Amino acid sequence: MLLTYKVPTEPSKLRVAIWRRIRSLGAVYLQSGLCVLPGRSEHQRQMRMVQSDIEQAGGEAMIFETQAMDAKQQELVVGRFKQDRDQDYEEFLDKCEDYKGEIAKEFLADHYTFAEVKENDEDLKKLKGWLDRIKALDFFGAPARATAEQQLAECEVLLENYANEVFEREQSGKGLPNKPAAAKRTATKAGAGENTQAAKSVPRKRAGKAS
């Protein structure tokens, strides 16, 4: 399915809004104002809504059902779809690496808390939702899809391992707050109060400004 359209040059935010709307459907631009989508029923409905928005904004839009002249032309168009989705998957894979790196740092720092489990669980849900949205627009199975699914699975395993460690430490008491350290802070605070009067008689040095 092919959409060709023209919109007024001003305001520019209208042109950007239309472009973003079309791109969010997973459409591929063959050139400015000319884009294609697979001829599915939901795409027909969505394209007609875009067409209506363009016309209401004072532009022109036409929708055609089209077919490639040969297999080579078809593959060129399909390749464009796959290329766009691979770019989305690459962004997703970068975030997966960041996610795994954050949990790895918790292991290295010997930092095991349920609060951290909750935070990482929320981040994992965001990754899952993001991947689902990419896959919904991956009409022809881009090459990087399998890698993205594998990396998400690795993130899930890593979080499960971390959560299990937090659980085991809480059960054994290793995950409880450091009471001696807490007591030391309390004692220090109390001592500071007791020495307030003495401190008044001691000249204070002005702290230098941090560079």
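This is a predicted model: local features need pLDDT of at least 70, side-chain atom pairs count only at pLDDT 80 or more; totals for chains, interfaces and linings use all residues.

Q: Let's start with the backbone. Which peptide bond is cis?
A: As a general idea, most peptide bonds are trans, and most residues other than glycine have a negative phi. Here, the bond from Glu 10 to Pro 11 is cis, its omega near 0 degrees. Pro 11 sits in the loop between β1 (2-6) and α1 (12-24).

Q: And which residue other than glycine has a positive phi?
A: Look at Asp 110, where phi is near 55 degrees. Asp 110 belongs to the loop between α3 and α4.

Q: What does Asp 110 form a salt bridge with?
A: When reading a salt bridge, check the distance, then the places of the two partners. Asp 110 pairs with Arg 169, and their closest N and O atoms are 3.0 Å apart. That pair links distant parts of the chain, 59 residues apart: the loop between α3 and α4 on one side, helix α5 (residues 145-172) on the other.

Q: Is Arg 169 buried or partly exposed?
A: Buried, because its relative accessibility is 18% and the cut-off for buried is under 20%. Asp 110, at 46%, is partly exposed.

Q: How many salt bridges are there in the whole structure?
A: A search finds 15. Some of them join up: Lys 135, Asp 138, Arg 145 and Glu 149 are linked in a network.

Q: What about Arg 85: buried or exposed?
A: Buried, with a relative accessible area of 4%. Arg 85 is in helix α3, and leaving aside residues up to four places away in sequence, Arg 85 touches Gly 26, Ile 134, Leu 137, Asp 138 and Ala 142.

Q: Which residues gather in a patch of negative charge?
A: On the surface, look for Glu 90, Glu 91, Asp 94 and Asp 98. Asp 98 lies in helix α3 (residues 71-108) and is partly exposed at 45%.

Q: One more: what does Phe 114 touch?
A: Beyond residues up to four places away in sequence, Phe 114 touches Val 166 and Glu 170. Phe 114 is in helix α4 (residues 114-136), and its C-alpha is 7.7 Å from that of Ala 163, 49 residues apart along the chain.

Definitions and conventions: Residues are numbered from 1 along each chain as its sequence is written. Side-chain values use heavy atoms; hydrogens and water are left out. Helices (H or I, at least four residues) and strands (E, at least two) are DSSP runs, numbered from the N terminus. Contact means heavy atoms within 4.5 Å. Patches are made of residues with over 30% relative accessible area and no salt bridge: like charges are joined within 9 Å, nonpolar side chains (Val, Leu, Ile, Met, Phe, Trp, Tyr) within 5 Å. Accessible areas come from the Shrake-Rupley method with a 1.4 Å probe; for residues, only the protein chains shown count as cover. A salt bridge is a side-chain nitrogen of Lys or Arg within 4 Å of a carboxyl oxygen of Asp or Glu. Lys and Arg count as positive and Asp and Glu as negative; His and the chain ends are not counted. The place of a charge is taken as NZ of Lys, CZ of Arg, CG of Asp or CD of Glu. Buried means under 20% relative accessible area, exposed over 50%, partly exposed in between (1.4 Å probe, protein chains only).
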